[in-house]
Amino acid sequence: MGIADLWPVVSPACDPRVPFPIFLSKFIDDHGRPPRFAIDAYMFMFYSQLPDANPEDQVIQERVIRNFMAKLFYFVQHNVSFVVVFDGKFKPSKLRHGHIPEIPGSVNYDEILHHFHRVHSSNYSEGSSLVERLKKILQRNCMDIVQAPGEAEAECAWLQKLGVVDYVISDDSDTLVFGATKMIRLFNRVKYMNEEGKPVLSNTDYYVTPVYMDKVTEATGLDKNRMVLLAVLRGGDYSTGAEGIGITRAKEIALCGTNLLSSLPRKSTQDFGSLPDFSKMFVETFVDQEKAQALSLQNHKSLKSELDRADSLRAFNKYLDSFLREQHKDVFGRSTTMKSEVKVDDYYALLYFFPLVNRKVFKFTPFSTSFGELKAIDDDMPGLTPDDSTQTVKRYNYVCDPGDIGESIVKQGKFIFVGKGRGVTLKVNEYALPRERKFNLKSFALKLLKSSKVRSEIILARSRIVDGEHLGVLKFQRTRLHDKVYLVTKNSIHDTASPSDINGDAIGDDQDNQDPDALIQQVDNDDEDKLIEVLVAMNSIRLVAPDVVKEFERRQLIEQRRKSPSKKKYSPQKTTLDRIWPELSPTKNRPQSVKVINVDDDTVEHESPIKTKSTSSPYKKRSPRKQTLSEKYEINPNQVPVTAFFQQRKDPFVETRSLFVTDDDSGSDNDAKIEKNYMKMKNIIADGPKLAEGTAVKAPVESRLSSPESSPSKKSRMNLSPDTSPMKAKKIPTKKDPFL
């Protein structure tokens, strides 16, 4: 029973749309386990068929079944827990059209409730051929199902309120009206709507929109009771509601008694807190508040008697109609005319307050392919409050047994599950697989990582980060994994198959203990067309096989160290001489000893060995030794001191001469020494043959004209005269001759 136009009211409070693996990873971070879902089967069936198609057509049914199962196997692929809930014959549409022979055409809630308590749970099915085919397929694939007596949304919301599941997956807005506090809507491949209003689809993952009732209440002011009043005023799939009341008026009536509407622009001058709280009056019409304090399986105990409800409902309808006619401007913010009487129907209100649900409670077990945990928890109904210490709740699971599988008893104020025989524990070592052989194992790749028998065939190939969450890519070769799971041996040209259970000892070969790196190489060498990749949340892999994730992280760390440089070594500084004459570079082929030259007289004093690294303990510190003058000015081989350029003149006031040898230089001793040093430097730079001492070589005229000495600016800077030197000589003051 969807409520018309309710989603536009609730949508602003919904969470942003996210890919399902991202939603799953965040849930595991918060709770340390995979989530549990109750799925509205009709929603999946509706989105799996073509518009205006005949559901009884066999071709159409095949299409619906194929699409329906594809969505469920997507959940299996991510190893989450889910149960599929089907509508029953106590659905309001069935009652309205007289499909129950015992109560034809009846819409009296008390008559239906009386008959409901007398019907066995095996007679809840509505009898649709498509639904019955789906049930058989789900049972063959070991997937959990629940046959609801009435609305599937009501059964899903009931399981969520008890704590059996975490979320309800449905697109019907009345799921919130039935009391669900967490739900998932729009489970499809639509990522978003573009500017033209057309959907943008995803080729890989499904997207979901989480809805939380506490956020809806905070944003809109609508809690569960106010939503019930809004629903019966507005109407839904099977009820027209009150005449003349749309979604806006229904919301304003339901919010009377609160201060939320005063924040709206046109309500700024109105005091809604002073208006009567119609929602509270409406709840007190049907529910005994003293008996409805705690959530109980016998919630019908808080239902008022039929006569009391009838009198209270007549008084409520009369008061509501008169108030809206007299003070319509205070409620709606404008003058309006109520053309007909405003009244609500008690039948749909009671279905919302007291929905028809199973008296036995479904329980997840590890023997289902739709369960993501190996061990079912005992206290799986944290939302249910025991009435007394002797209360028991029967539990059921169709995969394990068509009847009861045990019961939950009260122990220390909580419901603890005990199986048949008072000691049965729901714990296994392997995940369940479908009963059908040669099944497509893509959806079970994550589950098969738990089995040490076939783990070697599945590789965690790589990972990537999406929206801040880590996702892993599982990679396997389809044929080899299939043969190993279903025990297909190839001993000869003809293949032989030996069916057995996945937990049997026959599974396994020499590849079980194979090196992961070698196995990755082996898988990569296979034909790429035969490789299957499955993208799942890394947190899900860590829950199923933590050692696989640790091994993958170890390989990644080794690969990063292999690719990253060990320690950056800086190359020695190069000069122009190093590029022109590499053999003269002081950093290449350095000998074990160097000559120490006295800078004053250009003579070799001794040979100093090159220092080597000390082999002493690094913790033993030595005091540094002061270097001598000779060690301080230690030079490399093939180098000479450049002392010829810095010869100091005895008399600074004597006419300066060029430091370089020219044609006019005299042959004094000082000139000979300068010429000797100049020739040494020239031989080194020109890399030419050394000339005998005392031999003067004149530079060509062209070189002299283009040399730095010929430049007036260069020459003036290189002549160390008192007038051109940057360091001016101190002048000695002299007495002036008074006679001059």
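**Cavities, a pocket and salt bridges**

Student: What volume does the second largest cavity have?
Tutor: The second largest cavity has a volume of about 70 Å³. A cavity is a set of points on a 1 Å grid over the protein atoms alone where a 1.4 Å probe fits but cannot get out, and a volume is the space filled by probe spheres set on the points, joined across faces, edges and corners. This is a predicted model, in which local features need pLDDT of at least 70 and side-chain atom pairs pLDDT 80 or more, while totals for chains, interfaces and linings use all residues. Residues are numbered from 1 along each chain as its sequence is written, and side-chain values use heavy atoms, with hydrogens and water left out.

Student: Which residues lie nearest the centre of that cavity?
Tutor: Pro92, Gly150, Glu151, Leu351 and Leu356 do, out of 11 residues in the lining (those with an atom within 4 Å of a point).

Student: And how many cavities of 30 Å³ or more are there?
Tutor: The structure holds four.

Student: What about the second largest pocket: how much space lies in it?
Tutor: About 750 Å³ lies in the second largest pocket. Its lining has 34 residues, with Lys161, Lys224, Ala292, Leu295 and Phe353 closest to the centre. A pocket is an open set of points with protein on both sides within 12 Å along at least five of seven lines.

Student: Which helix gives the largest share of that lining?
Tutor: Helix α8 does, with four residues. Helices here are DSSP runs of H or I, at least four residues long, and strands are runs of E, at least two, numbered from the N terminus.

Student: Changing topic, how many salt bridges are found in the whole structure?
Tutor: The search finds 22; each is a side-chain nitrogen of Lys or Arg within 4 Å of a carboxyl oxygen of Asp or Glu.

Student: Is arginine 314 buried or exposed?
Tutor: Arginine 314 is exposed, at 53% relative accessibility, whereas aspartate 311 is partly exposed, at 44%. Buried means under 20% relative accessible area, exposed over 50%, and partly exposed in between, with a 1.4 Å probe and protein chains only.

Student: What about aspartate 404 and lysine 360?
Tutor: Their side chains meet in a salt bridge of 3.0 Å, N to O. Aspartate 404 lies in strand β12 (residues 401–411) and lysine 360 in the loop between α16 and β10, so the pair ties together parts that are 44 residues apart in sequence.
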